[in-house]
Amino acid sequence: MGSVTAVSAIDVLDARLIRLLAEEPRIGILECARRLAVARGTVQARLDKLVARGVIQGYGPDIDPAALGYRVTAFVTLEIRQAGGHDRVGRHLAGIPEVLEAHTVTGGGDIVARVVARDNADLQRVIDQIVGYEGVLRASSVIALAEQVRYRTGLLVEAAVRN
């Protein structure tokens, strides 16, 4: 996860290309060009620039953890030992397969992680593994009951074109 220091403007063609790739990730460059009514070289150049600028960060399949048996999703807020630093705790979290993402945050905690588990007992195991690291002082968690808005970027891409 990198950070972008400058505003990365995109235009309508970039947005259409991103939308097409999001809807059909296995589509080829030639088919993209045909559907967007532009030259193959234009699609390839635009795609290369979007990747180089970090706008497009991957082409992997979207995975549903529940379909893999991880039916519990929780958000875990960690308070960490400040002397050890966020990066060391982040590396610890990166080594735990059930930690899907983690972010340094402001507010009552220091890091918030999205984790998955097979069931509540397994969630306890995952949390124990997280807090077993010397840099983590305590954790509090909330279990997600239902997903109301799935992770998406399509509307954000469209808003970026308008702004």
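Over residues 10-71 the chain is 53% helix and 0% strand, with the end C-alpha atoms 37 Å apart; helices here are DSSP runs of H or I with at least four residues, strands are E runs of at least two, and both are numbered from the N terminus. The model is a predicted one, in which local features need pLDDT of at least 70 and side-chain atom pairs count only at pLDDT 80 or more, while totals for chains, interfaces and linings use all residues. Residues are numbered from 1 along each chain as its sequence is written, and side-chain values use heavy atoms, with hydrogens and water left out. The UniProt annotation "domain: HTH asnC-type", from an unreviewed entry, covers residues 10-71; UniProt positions follow the numbering used here, feature names are shortened, and annotations may be inferred rather than shown by experiment.

- Helix 1, residues 12-23, has 12 residues and reaches 16 Å from its first C-alpha to its last, close to the 16 Å expected at 1.5 Å a residue, where the expected span is 1.5 Å times one less than the number of residues.
- The buried residues of helix 1 include Leu13, Asp14, Leu17 and Ile18, buried meaning under 20% relative accessible area, exposed over 50% and partly exposed in between, with a 1.4 Å probe and protein chains only.
- These buried residues of helix 1 pack against helix 2 (29-36), helix 3 (40-52) and helix 6 (154-162), contact being defined as heavy atoms within 4.5 Å.
- Ala37 lies in the loop between helix 2 and helix 3, and its phi is near 60°, a positive value in a residue other than glycine.
- Most residues other than glycine have a negative phi.
- Ala37 is exposed, with a relative accessible area of 70%.

- An open sheet of four strands has the order 2-3-1-4 with antiparallel pairing, two strands being paired if DSSP finds at least two bridges between them.
- Its edge strands are strand 2 (99-104) and strand 4 (136-143), each of which pairs on one side only.
- From one strand to the next, the twist averages 25°.
- Strand 1, residues 72-80, pairs with strand 4 in the antiparallel sense over seven bridges, with Ile80 opposite Val136 and Phe75 having Val142 as its bridge partner.
- Seven bridges also join strand 1 to strand 3, the two running antiparallel, and here Thr77 stands opposite Val112.
- Strand 2 and strand 3 pair in the antiparallel sense over five bridges, and Arg114 in strand 3 is the bridge partner of Glu101.
- Six residues lie between the strands in the hairpin of strand 2 and strand 3, where Gly107 takes a positive phi near 105°.
- In a regular strand the side chains alternate between the two faces of the sheet.
- Strand 1 has a covered face made of Val72, Ala74, Val76, Leu78 and Ile80, and an uncovered one made of Thr73, Phe75, Thr77 and Glu79.

**Helices 4 and 5 on the sheet**

- Helix 4, residues 86-94, packs on the sheet and touches strand 1, strand 2, strand 3 (111-117) and strand 4, its direction making about 150° with that of strand 1; axes are lines fitted to C-alpha atoms, for helices over the stretch in contact, and angles run from 0 to 180 degrees between N-to-C directions.
- Helix 5, residues 120-131, lies across strand 1, strand 2, strand 3 and strand 4, and runs at about 155° to strand 4.
- His92 lies in helix 4, and its side chain reaches the backbone oxygen of Ile130 at 3.2 Å.
- Leaving aside neighbours within four places in sequence, His92 is in contact with Gln129, Ile130 and Tyr133.
- Gln129, placed in helix 5, is partly exposed with a relative accessible area of 32%.
- Although Gln129 and Glu158 are 29 residues apart in sequence, they are 40 Å apart in space, C-alpha to C-alpha.
- Asp122, also found in helix 5, is buried with a relative accessible area of 13%, and beyond its neighbours within four places in sequence Asp122 is in contact with Tyr70 and Ala117.

Technical notes:
Polar contact = N/O pair within 3.5 Å; in protein donor to acceptor, adjacent residues only side chain to side chain.
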